[in-house]
Amino acid sequence: MRAHGLLLSSEGITIKAIAKIYHVDRDTVATWIKKWEKYGAKSLHDQPRSGRPTTLNATEKELAKQYIKEEPRSLKHVAERLAQKTAKRLSISSLKRLAKKARLRWKRVRKSLKSLRDPLDFAKCKRELEA
């Protein structure tokens, strides 16, 4: 997008028109052009951003996903197993975030006692309620 915007700019298209084409602010397009003039081809790529480095590497993330799939209802156990295996402590919220990125979902488990009820007593109570 940046490279094409610069090509359009070199062809004489205005900054305002380029901003409208790419649905960005005109200041963004002006920054693209200034960075191109200052840094050249390096300005076309995203620079590393600030932020905390990830706690787990790729293999440890896969291990965590496997543990989550094995015990989806108990993330505390997953965190403990992961801490024992990798010697790295991860919070429950970090595990949830990892699971969401892996497109894993939790759904409520319906508990039913239907299989345990006595059919005769149930029919009797049902008749009493209808009466």
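A residue counts as buried when its relative accessible area is under 20%, as exposed when over 50%, and as partly exposed in between (1.4 Å probe, protein chains only). Thr86, at 16% relative accessibility, is therefore buried. The model is predicted, so local features need pLDDT of at least 70, side-chain atom pairs count only at pLDDT 80 or more, and totals for chains, interfaces and linings use all residues. Residues are numbered from 1 along each chain as its sequence is written, and side-chain values use heavy atoms, with hydrogens and water left out.

Thr86 belongs to helix 5 (residues 75-86). Helices here are DSSP runs of H or I with at least four residues, numbered from the N terminus. A polar atom of the Thr86 side chain lies 2.6 Å from the backbone oxygen of Leu82. A polar contact is a pair of N or O atoms within 3.5 Å; within protein, one atom must be able to donate a hydrogen and the other to accept it, and residues adjacent in sequence count only if both atoms are side-chain atoms. Contact in general means heavy atoms within 4.5 Å. With residues up to four places away in sequence not counted, Thr86 touches Glu60 and Leu63.

Glu60 sits in helix 4 (residues 58-70). Its relative accessible area is 12%, so Glu60 is buried. The Glu60 side chain makes a polar contact of 2.9 Å with the side chain of Lys88. Neighbours within four places in sequence aside, Glu60 is in contact with Thr55, Leu82, Thr86 and Lys88.

Glu71 lies in the loop between helix 4 and helix 5. With a relative accessible area of 22%, Glu71 is partly exposed. Two polar contacts involve its side chain. One joins the side chains of Glu71 and His77 at 3.4 Å. The other joins the side chains of Glu71 and Arg81, at 3.4 Å. Residues up to four places away in sequence not counted, Glu71 touches His77, Val78 and Arg81.

Helix packing was examined next. Axes are lines fitted to C-alpha atoms, for helices over the stretch in contact, and angles between N-to-C directions run from 0 to 180 degrees. Angles under 35 degrees count as roughly parallel, over 145 as roughly antiparallel, 65 to 115 as roughly perpendicular, and the rest as oblique. In residue classes, Ala, Val, Leu, Ile, Met, Phe, Trp, Tyr, Cys and Pro count as nonpolar, Asp, Glu, Lys and Arg as charged, and the others, Gly among them, as polar.

Helix 2 (residues 15-22) packs on helix 3 (residues 26-39) at an angle of about 110 degrees, and their axes are 8 Å apart. The two helices are therefore roughly perpendicular. Helix 2 contributes Ile15, Ile18, Ala19 and Tyr22 to the contact, and helix 3 contributes Arg26, Val29, Ala30, Trp32 and Ile33. By class, the residues of this contact are 8 nonpolar, no polar and 1 charged.

Helix 3 also meets helix 1 (residues 2-10): the axes come within 10 Å and cross at roughly 90 degrees. Helix 1 is thus roughly perpendicular to helix 3. Arg2, Gly5, Leu6 and Ser9 of helix 1 make the contact with Trp32, Ile33 and Trp36 of helix 3. The residues of this contact divide into 4 nonpolar, 2 polar and 1 charged.

Helix 4 and helix 6 have axes 10 Å apart and pack at about 90 degrees. This pair, too, is roughly perpendicular. Lys61, Ala64, Lys65 and Ile68 of helix 4 meet Leu95, Leu98 and Ala99 of helix 6. The contact has 5 nonpolar, no polar and 2 charged residues.

Most residues other than glycine have a negative phi. His23, in the loop between helix 2 and helix 3, has a positive phi near 55 degrees. His23 is exposed, at 72% relative accessibility. Arg103, in the loop between helix 6 (92-101) and helix 7 (119-130), has a positive phi near 60 degrees. Arg103 is likewise exposed, with a relative accessible area of 72%.
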